[in-house]
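Open the model in your viewer and switch to a cartoon view.

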Amino acid sequence: MRWATHRVQVLQQQMTHMVIHKAIPRPNLCGDSSLPLVHAVLHVQVVGRKYVRLYHPRCTHLLYPHEAGMHANTSRVDLDAVDEQRFPGFAATPFSDVVLQPGDMLYMPPKHWHYVKSLSASFSVSFWWS
């Protein structure tokens, strides 16, 4: 838990300048997602392990979001198989990442893009607030 708490402090220090980017988060039934968060989230890992990657809102253009429609708040980049021809700026996009273990908590700031992937059978709880 100490490491996760330290990581939250590091993320907060790295992500102090916020850019407004409106989006409505939607669940991803596959267990992976790459979406901007509208609210602040405290993500608590209960069972199993999850990989979490966060991108600052100022990097939105490098995440190549869909341009319109229902998926306008979703990145077109498949993080499991990045196509560098189609998304040339993505490889250099800065991010913060962590592997959450049971009992770890991670604060995800509002407006930040997140990618979450289960590394094992897992269960987590997220607390959302404005």
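Which residue in E4 does Leu 54 stand opposite? Select Leu 54 and look across: the residue facing it in E4 is Ser 96. Keep in mind that this is a predicted model.

Now widen the selection to residues 50–55, which make up strand E3. Strand E3 pairs with E4 over 5 bridges, in the antiparallel sense.

Next, select residues 96–100, strand E4, and show the side chains. They alternate along the strand. Ser 96, Val 98 and Leu 100 point to one face and are buried.

Move on to the open sheet. Its 3 strands run in the order E5-E2-E7, with antiparallel pairing. Select 105–108 for E5 and 123–129 for E7: these strands stand at the edges. Each has a single partner strand, so one side of each lacks a neighbour in the sheet. From one strand to the next, the twist averages 20°.

Select residues 40–47 for strand E2. E2 and E5 are joined by 4 bridges in the antiparallel sense.

Last stop: His 43, which lies in strand E2. Is His 43 buried or exposed? His 43 is buried, because its relative accessible area is 6%, and the cut-off for buried is under 20%. Show side chains to find a polar contact of 2.9 Å between His 43 and Ser 126. His 43 also touches other residues, including Lys 50, Leu 100, Asp 104 and Val 125.

Terms used:
Residues numbered from 1 in each chain as written. Predicted model: local features only at pLDDT ≥ 70, side-chain atom pairs only at ≥ 80, totals over all residues. Heavy atoms only, no water. Helix = DSSP H or I, 4+ residues; strand = E, 2+ residues; numbered from the N terminus. Buried < 20%, exposed > 50% of the residue type's maximum accessible area, 1.4 Å probe, protein only. Polar contact = N/O pair within 3.5 Å; in protein donor to acceptor, adjacent residues only side chain to side chain. Contact = heavy atoms within 4.5 Å. Pairing = 2+ DSSP bridges. Axes fitted to C-alpha atoms, helices over the stretch in contact; angles between N-to-C directions. Lists of a residue's contacts leave out its neighbours within four places in sequence.
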